[in-house]
Amino acid sequence: MLIIHNARIAGTNPKGPAPVIEKGYVAVEGDTIVKVGEDAAPAELLATPGATVVDATGRLLMPGVIDTHVHFRDPGLTHKGDMATESAAAVAGGVTSFLDMPNTKPLTVTVKAWEEKMARAAEVSTANYGFFIGATDSNLDSELLRADYTRVAGVKLFLGSSTGGMLVEGGDMIRRIMSEVPAIIAVHAEDEATIRRNREALVARYGEELPIDCHPVIRDHDACMEATSRAVALARETGARLHVCHLSTSDELRLFSAGPVENKRITAETCPQYLIFSDEQYQMLGSRIKCNPAIKRPTDRDDLRFALSHDVIDTIATDHAPHILAEKQGTALTAASGMPSVQWALPVMMQTVAEGWFSLPTIVLKMCTAPALLYGIEGRGALVEGYKADMVLFDTDAEPWRITDEACIGRAGWTPYAGLEINGRVDATWVNGRMVYSGGVVHPAPSAAQPLRFAPRS
């Protein structure tokens, strides 16, 4: 048995936000939480023969983060990262479960490729795992409609050119995918025609050597709004379960409604980079914050924060996309888009709590509970009796410290958050009751991790 006591406890409501228990305890038997209590732990519980007892001494105990949008680069791009290195970075950041996207080499656009990724994760992942299957112009009947969506997280649909080979531009095929796939359709919504037109206009005027701060001009508000509005309209027409990934603009927010995530068929996520940075940082951080969609104006950042607090935006995910620094060199046209962030999302978002931007229940809801509700991940996302013991012990009162590239565990070895001063840190992470990170050290444990199961809503 594992007993964690004298803890502040957050995330005890499996259906939404809950007040923080200022002093309480959690008992775990095997991989399952068997007791959550307030006040001091009973003496007889603490005296359980053979129990491992952790005195949290006022630190915060919360559910493990469920990051529903990562690119772990395995297979085929493993010079940037793989399931072993990136799941290690995940648990160091309090992420106990991840959903990985299909833009690998080969692309995960067949059931066979999905099965191979599942087998690889079972061998090396330290965090619980699930995988999307990617949509193409030609794989609906042969693959997407054959997938088991109690085991496949959903379908990833690209409406912009982030990923060669999976851009689906035909309106008839998109309509069929939304009409016929019995699962969440997670969409990257940027309009390719708008992006192409913006790029050609800038190159014609200034030449090929465009500085990084041209990136949000190429991938502008119109590109996002055009694609997102089209996707939302089709989802309403077809009744699809649509999840729009990585919102980056104020404009798109009016397409979504406020309310509990479990009551919606059309949902949205944003990422820490869109809540922390704005286009004012391109001059200082350059290509380190180049990602797709592009980081945009301070007003977009502020409106996204407001929408997150008021349940218009449903989840926070990282879009963790590691590239080695050599690939991040270049112009707005040539530097790779994407950033490694799975290790730092929780500490960075907890800093926004310390600075008063968000409440602690909001961050726990958007990073832990709502992702489980959205994807039907049963038995995870909250500290509740009978749930799996995916837990994070977080020190909210640590001495201020600065994030550094040297502290990065993922293979890329850098982070856009380097230099940011924060006040909290992850002390320990448990996956299914097994400690996989403590005191700055990852304890790789593929035997602890489990494949995620999904309960798709009708």
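Q: Which residues does Leu-157 touch, not counting residues up to four places away in sequence?
A: Leu-157 touches Ala-135, Val-168, Ile-174, Ile-177, Met-178, Ile-185, Ala-186, Val-187 and His-188. Contact means heavy atoms within 4.5 Å. The model is predicted: local features need pLDDT of at least 70, side-chain atom pairs count only at pLDDT 80 or more, and totals for chains, interfaces and linings use all residues. Residues are numbered from 1 along each chain as its sequence is written, and side-chain values use heavy atoms, with hydrogens and water left out.

Q: What makes Leu-157 and Met-178 stand out in the largest nonpolar core?
A: Of its 107 residues, these two touch the most other members. A nonpolar core is a set of buried Ala, Val, Leu, Ile, Met, Phe, Trp, Tyr and Cys residues joined through side-chain atoms within 4.5 Å. In soluble globular proteins, nonpolar side chains tend to be buried together.

Q: Why is Ser-97 called buried?
A: Its relative accessible area is 0%. Buried means under 20%, exposed over 50%, and partly exposed in between (1.4 Å probe, protein chains only). Ser-97 is therefore buried. It belongs to strand β7. Beyond four places in sequence, its contacts include Val-65, Ile-66, Asp-67 and Asn-128.

Q: What makes the Ser-97 and Asn-128 side chains a polar contact?
A: The distance is 3.1 Å. The limit for a pair of N or O atoms is 3.5 Å; within protein, one must be able to donate a hydrogen and the other to accept it, and residues adjacent in sequence count only if both atoms are side-chain atoms.

Q: Why do β6 and β8 count as edge strands?
A: The open sheet has the order β6-β7-β8, with parallel pairing. β6 (65–70) and β8 (128–131) each have a single partner strand, so one side of each is left without a neighbour in the sheet. Strands are DSSP runs (E, at least two residues), as helices are (H or I, at least four), numbered from the N terminus.

Q: How do you know that β6 and β7 pair?
A: Four bridges join them. Pairing requires that DSSP finds at least two bridges between two strands. Asp-67 stands opposite Phe-98 in β7. Helix α12 (residues 360–375) packs on this sheet, touching β6 and β7, and its direction makes about 60 degrees with that of β6. Axes are lines fitted to C-alpha atoms, for helices over the stretch in contact, and angles run from 0 to 180 degrees between N-to-C directions.

Q: What is the strand order in the open sheet of six strands?
A: The order is β9-β10-β11-β12-β13-β14, with parallel pairing. Four bridges join β11 (residues 184–188) to β12 (residues 241–244). Ile-185 has Leu-242 as its bridge partner in β12.

Q: Why does the radius of gyration agree with a compact globule?
A: With 458 residues, such a globule would have a value near 23 Å, and the chain has 21 Å, so the two agree. The radius is taken over C-alpha atoms, and the rule is 2.2 Å times the number of residues to the power 0.38.

Q: What makes the phi of Arg-73 worth a note?
A: Phi is near 70 degrees, a positive value in a residue other than glycine. Arg-73 sits in the loop between β6 and α2 (83–92). At 7% relative accessibility, Arg-73 counts as buried.
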